[in-house]
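Trainee: Could we go through this one together? I'd like to know where the labels come from.

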Amino acid sequence: MPWNKEFECMPMEKMQKFQLEKLRETVEWVAKKVPFYKKKFKELGIKPGDIKSLEDVAKLPVTIKEDLRDNYPFDLCAVPLKDVVRVHASSGTTGKPITGPYTQDDLDQWTECMTRNFWAAGVRPEDVVQNAYGHGLFTGGLGFHQGASNMGCTTVPTSAGLTERQITLMKDFGTDILCCTPSYALTIAERAEELKVDIKALPVRAGIFGAEPWTSQMRDEIEARMGIKAMEAYGLTELGGPGVAFDCSEQNGLHVNEDHYLAEIVDPATLEPLPIGEKGELIFTSLQRRAMPMIRYRTKDITRLRRETCSCGRTFLKMDKVFGRTDDMLIISGVNVFPSQIESLLLDIDEVEPQYRLIVRKKGYLDQLVVQVEAKGEVYKAGKEKQSEVEGKIMGHIKGNMGISVEVNLVEPKFIARSEGKALRVVDERPKQLR
Ligand code: DLL
């Protein structure tokens, strides 16, 4: 079966019992096999036997990205390298990479999680799946490849880039499903418009997009431009890649693969656990991975968890669309600002394209936010006066909704570099020591 009804629709109490059993196994496993965790548990006076309920997870130490960097490449590995059959890696933006090793069992579980993702997105074995996530060390390419191949789809590993060829293949192969980042989907849609290819007239009916924050307004924009359903995938290298959580036909929150990942929400400042329904930082403990299990990994992603009945029948916990990363949060005039808030306000404005960048500068002691956004062709051509009017309109819209004053620069169409992977939305021009 391409999906796992037993687990995906398991009653909550039964699932939580299963999770507790797997949590204890994982804690025992890392306490035995990973010196880093052995030391941490000792420092905190924790023994695997102390985990008697799921709430006891809060007794365990958190793991952060720096821990992975400090233990690069394989010091967090719980198995000898001879048992590792694949290594992915992510470089991030700040130097030293982190690694993601897998045993064969880890890979098989990942494939299952990705197959669930495809099935929930409405993909079926007879579909042609064009996989335009970067293939290589990035987990997107091979993760989606495994899921689509396991489902039995006709899988086309285009990888990211060569946008014109993506469009040609979409036409020639009759692609039904497109997989890539949401920003690359927009790039493809735009290039198709330039080439006078009507994407809406092609067979492609859905996309599975992820790997970067995107608002529901951006989803509407992509759906309208491409005439498809824009479904979602969420995950991270540290936890094995995409397949951690996925969208179902409701498109109203992502189901967490709860038999593999235990989710928590904490206050990012104090690490205090927050009740379900409150917005905070998402933390995951892997429950079945063996090569590099993660105990309470701080994702830096801000979202909210929801326990509710879903019309799709799945009982898995839901998480809201990621609101942003704590890394990307800006403080402008004392107000916390996430790029996604600006994105959704920009998408309310008819005169601009959904292509923007946020530039942060220092003005005296204060941080100043410059919103650079592309004007639609006809608006740009209408000249300076019209452009200033639109800039004023955007400034007013942001001030009215968020209470902050920003500078808006309307730029000419195609000014902002197009994304083929994760879009660069924030450019921090503040001196390093003042950030
Ligand atoms: O981006 C894995 C992935 C590949 C997910 C393909 C989905 C599709 P990393 O490169 O390690 O792994 O980046 C992980 O990307 O902590 C989030 O900040 C962000 N992210 C991933 N999916 C989403 C999403 C992959 N659906 C980081 N919405 C995560 C918002 C996402 N942010």
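Trainee: Which residue just after H6 takes a positive phi?

Mentor: That's Gly152, with a phi of about 95°. Bear in mind that this is a predicted model, where local features need pLDDT of at least 70, side-chain atom pairs count only at pLDDT 80 or more, and totals for chains, interfaces and linings use all residues. Residues are numbered from 1 along each chain as its sequence is written, and side-chain values use heavy atoms, leaving out hydrogens and water.

Trainee: What makes Leu271 count as partly exposed?

Mentor: Buried means under 20% relative accessible area, exposed over 50%, and partly exposed in between (1.4 Å probe, protein chains only). Leu271 has 27% relative accessibility, so it counts as partly exposed. Its phi is near 65°, a positive value in a residue other than glycine.

Trainee: And why is Ser333 called exposed?

Mentor: Its relative accessible area is 55%, so Ser333 is exposed. Ser333 also has a positive phi, about 50°, though it's not a glycine. Most residues other than glycine have a negative phi.

Trainee: Why are H8 and H9 called roughly parallel?

Mentor: The axes of H8 (residues 182–194) and H9 (residues 216–226) cross at roughly 30°. Angles under 35 degrees count as roughly parallel, over 145 as roughly antiparallel, 65 to 115 as roughly perpendicular and the rest as oblique. That makes H8 roughly parallel to H9.

Trainee: What is the peptide bond between Tyr72 and Pro73, cis or trans?

Mentor: It's cis, with omega about -5°. Pro73 lies in the loop between helix H4 (65–70) and strand S1 (86–90).

Technical notes. Helices (H or I, at least four residues) and strands (E, at least two) are DSSP runs, numbered from the N terminus. Axes are lines fitted to C-alpha atoms, for helices over the stretch in contact, and angles run from 0 to 180 degrees between N-to-C directions.
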